[in-house]
Amino acid sequence: MIGPGTGVRVYLACGVTDMRKGIAGLAALAQDVLRQKPASGAVFAFRGRRGDRLKLLYWDGQGFCLYYKVLERGRFPWPNAQDGAMRLTSAQLAMLWEGIDWRRPDWGAPPARVG
């Protein structure tokens, strides 16, 4: 994906977003719902009701970039919260974009020992 590099701030819009919204509508959501400046250089992630569509809004310093992905199979992993925002790392964003469940807390951690 051509876009923001590592270390970028990522805000995930919890809940469902109307995927008919374009740049202006998503920028308004970033400002009004997520309480962030849309042109701050952060990435804002939005998911549709069916879960198979993802939009990323990003200000690159010259204008807004809108990335849109529709999965052929499956759904993008998303938190259960109905509204609000959640911060992700750039690594979690990369996993999200690929449809990988970034929420797995034990990913790479050794199994816990009992006893």
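Helix α1 (residues 23–32) has Leu 26, Ala 27 and Ala 30 as its buried residues. Buried means under 20% relative accessible area, exposed over 50%, and partly exposed in between (1.4 Å probe, protein chains only). This is a predicted model: local features need pLDDT of at least 70, side-chain atom pairs count only at pLDDT 80 or more, and totals for chains, interfaces and linings use all residues. Side-chain values use heavy atoms, without hydrogens or water, and residues are numbered from 1 along each chain as its sequence is written.

**Helix α1**
- Helices (H or I, at least four residues) and strands (E, at least two) are DSSP runs, numbered from the N terminus.

**Aromatic pairs**
- Rings of Phe, Tyr and Trp (its six-membered ring) pair if their centres lie within 6.5 Å; planes under 30 degrees apart are stacked, over 60 edge-to-face, the rest tilted.
- The count comes to three aromatic pairs.
- Trp 59 and Phe 64 are edge-to-face, because their ring centres are 5.0 Å apart and their planes stand at 70°.
- Trp 59 is partly exposed at 24% relative accessibility; Phe 64 is partly exposed at 29%.
- Tyr 67 and Trp 97 also form an edge-to-face pair, 6.4 Å centre to centre with 85° between the planes.
- That pair links distant parts of the chain, 30 residues apart: Tyr 67 in strand β4, Trp 97 in helix α2 (residues 90–97).
- Tyr 67 is buried at 18%, and Trp 97 is buried at 11%.
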